[in-house]
Amino acid sequence: MSQSRLRRLPQWQALQQHAASIGETHLRELFAADPQRGETFIAEDVGLYLDYSKQRVDADTLRLLRELAAACGLPQHTEAMFRGERINRTEDRAVLHVALRAPAGERIELDGHDVVADVHEVLERMAAFAEQVRGGSWLGHTGKRIRNVVSIGIGGSDLGPVMAYEALRDYSDRDMTFRFVSNVDGTDFVEAVHGLDAAETLFIVCSKTFTTLETLSNAQAARAWCIRALADEKAVAKHFVAVSTNAGEVAKFGIDTSHMFGFWDWVGGRYSMESAIGLSTMLAIGPDRFAEMLAGFHAMDVHFRHTPYERNLPVLMGLLGVWNNNFLDAASVAVLPYEQYLKRFPAYLQQLTMESNGKRVTLDGAAVDYATGPIYWGEPGTNGQHSFYQLIHQGTRIVPCDFIGFGQGLNPLGQQHDLLIANLLAQGEALAFGKTADEVRAEGTAEALVAHRTFEGNRPSSTILAHKLTPHVLGALIALYEHSVFVQGVIWGIDSFDQWGVELGKQLAKTTIAELTAKDEPVLAHDSSTNRLIRRYRQLRDAAAAGKP
């Protein structure tokens with residue numbers, strides 16, 4: 001098979017030759033050769049400080065990566081996105097999540113129409129509604145004020161709001177309760193509404209088409225729960241709002257379409273948390289704090305678009321991702337926030353990165369012959385240190401790490417924040433430099449244990465520091481990863497903005513649900529495994545319904 005266009009590029013081949021020469025150079029050697037490395041392999045802007053000195057790169061690596069980015073047309077692709085060109089080619093759509101956080105008065109046009117004005121019209125409606133609910137003037141069906149908000153969505157319409165609420169909980173209205181439902185498993189809904197008073201509960205149903213099976217199943221369950229508790233179908237109008245574009249289905253559900261907040265097909269679900277999908281976030285932290293978050297997003301957008309690549313945070317992170325994935329054969333990335341409020345951030349990044357760049361064909365439909373999206377995963381520090389860090393330190397797989405920390409904790413408690421950050425810094429140092437056998441012996445370790453207590457080191461990591469987790473910093477941090485994903489997708493020549501791989505299982509499930517719920521034994525035409533599993537499930541379900549063990 002002939003090589004792909006990417007692998008034929010002189011810049012790619014130069015990186016392959018460079019990797020052969022530097023690939024095994026230990027970080028101990030790199031720091032010894034350049035004692036000031038920690039002062040030079042850094043970049044800082046938009047409130048974020050990136051130290052990438054513990055990545056297995058030198059100045060030549062970075063130069064070659066920048067040359068690869070230029071050869072792949074990164075500057076042109078970036079401008080095409082910001083100009084509203086249809087860079088999502090398989091769906092013939094523009095990619096304008098940057099318009100969601102553009103300030104009022106800025107113009108971003110799509111087919112000659114200024115979409116920023118549309119965005120701010122929705123934001124103003126969201127803000128007015130949020131002020132009503134937070135201020136107590138929006139009353140439920142029985143005249144009680146709203147104290148509970150349950151957001152119903154799935155995928156990007158859930159992961160973003162959940163992550164943002166958890167990340168910004170310190171700024172939220174503590175007199176209100178926020179819960180989230182996404183899983184079609186009935187347990188998710190039942191636990192979300194457990195202990196809530198329906199008369200004080202508002203549901204936000206997030207579905208662009210208002211036909212998404214999982215979301216609408218949970219929305220119907222919420223509707224039935226509300227009507228059962230309040231004994232009046234008219235209650236739906238005061239206890240449900242919609243984030244959707246399908247006014248007909250929203251009205252059919254019983255929601256007043258004046259309480260429908262729209263968004264657009266030029267923003268994908270995983271890029272939508274700052275649109276009306278973020279209504280629960282605005283209700284939690286208020287319109288002003290929400291605006292601060294949007295300003296953080298926008299500041300990173302401006303930085304990405306205009307900053308030279310040598311100092312460009314998303315470009316650096318994206319290029320390092322390509323280097324680790326394609327030239328050092330690192331198939332995963334661990335995201336390790338040393339901040340409990342960011343506990344859902346790795347899960348959010350899983351969708352952002354893996355749904356965007358988990359592709360096996362190029363924009364032209366040709367099969368790739370190189371690795372694309374790595375696996376993203378992680379947990380907050382210090383919890384992860386007592387579970388999977390063993391593999392990162394001494395396992396056979398190289399796992400590049402992103403450490404995220406803050407100069408100031410939001411809940412000072414003695415010296416605990418200092419202890420937290422001491423752990424962050426120690427982990428990066430230990431991964432980079434390890435401990436040699438001679439160092440272990442010098443500690444008096446018995447020879448039989450030396451191999452067990454030796455740490456190879458040379459495990460790459462980057463550290464991101466900010467002064468404090470604020471709405472502005474959160475917006476900048478999310479946009480940092482958004483644009484780094486874009487950089488990698490451009491180099492790999494893939495469409496980072498479609499998600500056809502999500503659709504096949506959905507389509508098959510529509511057939512399977514009919515077979516699972518058929519009154520009589522269905523005629524099955526699947527493979528032998530799926531046929532047998534369907535029959536076995538029906539037996540288990542029917543036996544349980546009949547009270548049989």
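## Two crossing helices

A helix crossing is called left-handed if the near helix is turned anticlockwise from the far one by less than a right angle, and right-handed if it is turned clockwise. In this predicted model, H15 passes H21 in a right-handed crossing. Helix H15 covers residues 313–327 and helix H21 residues 471–492; their axes come within 8 Å and cross at roughly 50 degrees, which makes H15 oblique to H21.

Which residues make the contact? On the H15 side they include Leu313, Pro314, Val315 and Met317, and on the H21 side they include Leu480, Tyr481, Ile491 and Trp492. The residues of this contact between H15 and H21 divide into eleven nonpolar, seven polar and no charged.

## A six-stranded sheet

Now to the strands. Six of them form an open sheet with mixed pairing, in the order S1-S2-S13-S12-S10-S11. At the edges lie strand S1 (42–45) and strand S11 (375–377), each of which pairs on one side only. From one strand to the next, the twist averages 15 degrees.

Within the sheet, strand S2 (residues 48–51) and strand S13 (residues 461–466) run antiparallel and are joined by three bridges. Asp51 stands opposite Thr463 in S13.

## A helix on the sheet

Helix H16 (residues 345–357) packs on the sheet, where it touches strand S10 (332–337), S11 and strand S12 (401–406). The direction of H16 makes about 165 degrees with that of S11.

Technical notes: Residues are numbered from 1 along each chain as its sequence is written. This is a predicted model: local features need pLDDT of at least 70, side-chain atom pairs count only at pLDDT 80 or more; totals for chains, interfaces and linings use all residues. Side-chain values use heavy atoms; hydrogens and water are left out. Axes are lines fitted to C-alpha atoms, for helices over the stretch in contact, and angles run from 0 to 180 degrees between N-to-C directions. Helices (H or I, at least four residues) and strands (E, at least two) are DSSP runs, numbered from the N terminus. Angles under 35 degrees count as roughly parallel, over 145 as roughly antiparallel, 65 to 115 as roughly perpendicular and the rest as oblique. Contact means heavy atoms within 4.5 Å. Ala, Val, Leu, Ile, Met, Phe, Trp, Tyr, Cys and Pro count as nonpolar, Asp, Glu, Lys and Arg as charged, and the others, Gly among them, as polar. Two strands pair if DSSP finds at least two bridges between them.
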